[in-house]
Amino acid sequence: MKSILKKLIPRFLLDWYYWATAFFAAAYYGFPGRKMVLIGVTGTNGKSTTVDLIARILEKDNQLVASASSIRFRVAGKESLNTLKMTMPGRMMTQRFLREAVDAGCKYAVVEVTSEGIAQHRHKFINFDTAVLTNVTPEHIESHGGFENYRKAKSELFKSVKTMVVNGDDPSADYFLKFNAERKLVYKLSHKDSQLTIHDSQFKTIEAENTILGKNGTSFDVLGTRIGLNLFGEFNVQNAMAAICAAKAQGVKLETIKEALAEVQGEPGRMEIVIKDPFTVFVDYAHTPDALENVYKTLEVYRQQTIDNRQQTTAYEGGQRSAVDGRLSAVSSRLICVLGSAGGGRDKWKRPEMGKIAAQHCDEIILTDEDPYNENPSQILSEIKFGISNFAFRISKPNEILDRREAIRHALNIAKQDDVVIVTGKGCEPWMMVKDGRIPWDDRTVVREEYRKLKTVDPS
């Protein structure tokens, strides 16, 4: 009903309604967005992780901090899960959250800001001090009416801030750096070609150098200091660099930043290891083509290091070293992917793209429900499968199992030692959106439950 009304009401009336509601909410709660240092994080991917890293660093600097992301809400150390199925809450809820932060004595609030939220004026009457850009890749194209409109919506956050932090490795870096700000910080990875074509004495570039991507995390040098992360993948180095720049802009010492980042053990549902042995099962939120490809590339590094470690270990029999012709046994590892795509008529363009990416990287693909909403689940799968069809030489035929639990069960059943299973699309989301409602769900819980069942099955 809501979506139908939005289509019927003229855009200028909707804009007026959104603006008026935002003003009323801010006024009702006493304009709390003017009483703290507000840091807004926007981008297509990596927002939630970056929000959390910034908040953890500021807390390590002995500041009272509030943060809001698609994962959780935190106010002065007290935490609650975001169960809204909405990254950026509505106007009343956003202002109420900020009011709670002010009342708790918070100096900082770090908020995940979405293009949809900006389009609906949820960011209005909040005086953002700093805007952080993680990256911009196609998403919400249909609802915004094109990529340029999507990017333009995000740019609203950068039009009146004192400090901006921009990913210099992103093709849209120039676009965002054109806006005025007292301080502009650009972060990038030293081994990547810069996407910047403009040269402005206003901005300072900070690079991550000597990056090492490991099976147990990542490490890199920044401003002469070695930073260690318990997070996987190059994309998390970029997220950490965004957080480092945002914290530096607030005067936090690099040693404090280093200590804070070393203490972060991972983010719920973001490249989270759920099962470690005899095979590894990851759960990740990746729901865009760019995010999916980054996850698969990261897991290729993880798999190779698993193989290398296994090959360096000689088999033992009865506690004695076994010299089977002096050779190490062959070790192999497959990437088994459980893949779906959101429904509700959103971003249909990306479905074949995600299928194509999976076919390029995965050894086994299991297509399943993600959040079909009112859309035909079988139709969604057929659109993903269309992108796989051109890679028949690599993937003979994807498995289609609409029931997500059964799909996860099948992935675990076919996994062997050293294989990697990756379940993407939902991360730690607590709901699955189905026709006319929602059902409780958590990919991580389902993986653990099905793995326990697998272990109790009589091998005979």
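Author: The part to look at is helix α14 (residues 404–414), whose buried residues are Arg404, Ala407, Ile408, Ala411 and Leu412, where buried means under 20% relative accessible area, taken with a 1.4 Å probe and protein chains only. These residues cover an arc of only 135° around the axis, which puts them on the same side of α14; the arc is that of the directions from the helix axis to the C-beta atoms. This is a predicted model, in which local features need pLDDT of at least 70 and side-chain atom pairs count only at pLDDT 80 or more, while totals for chains, interfaces and linings use all residues. Residues are numbered from 1 along each chain as its sequence is written, and side-chain values use heavy atoms, with hydrogens and water left out.

The buried residues of α14 pack against the strands β13 (280–284), β16 (335–339), β17 (364–367), β19 (420–424) and β20 (431–434), and against helix α15 (443–456), contact meaning heavy atoms within 4.5 Å. Helices (H or I, at least four residues) and strands (E, at least two) are DSSP runs, numbered from the N terminus. At the start of α14, a side-chain oxygen of Asp403 comes to within 3.0 Å of the backbone nitrogen of Arg405.

Leaving aside residues up to four places away in sequence, Asp52 touches Arg72 and Glu267.

Key:
Buried < 20%, exposed > 50% of the residue type's maximum accessible area, 1.4 Å probe, protein only. Polar contact = N/O pair within 3.5 Å; in protein donor to acceptor, adjacent residues only side chain to side chain.
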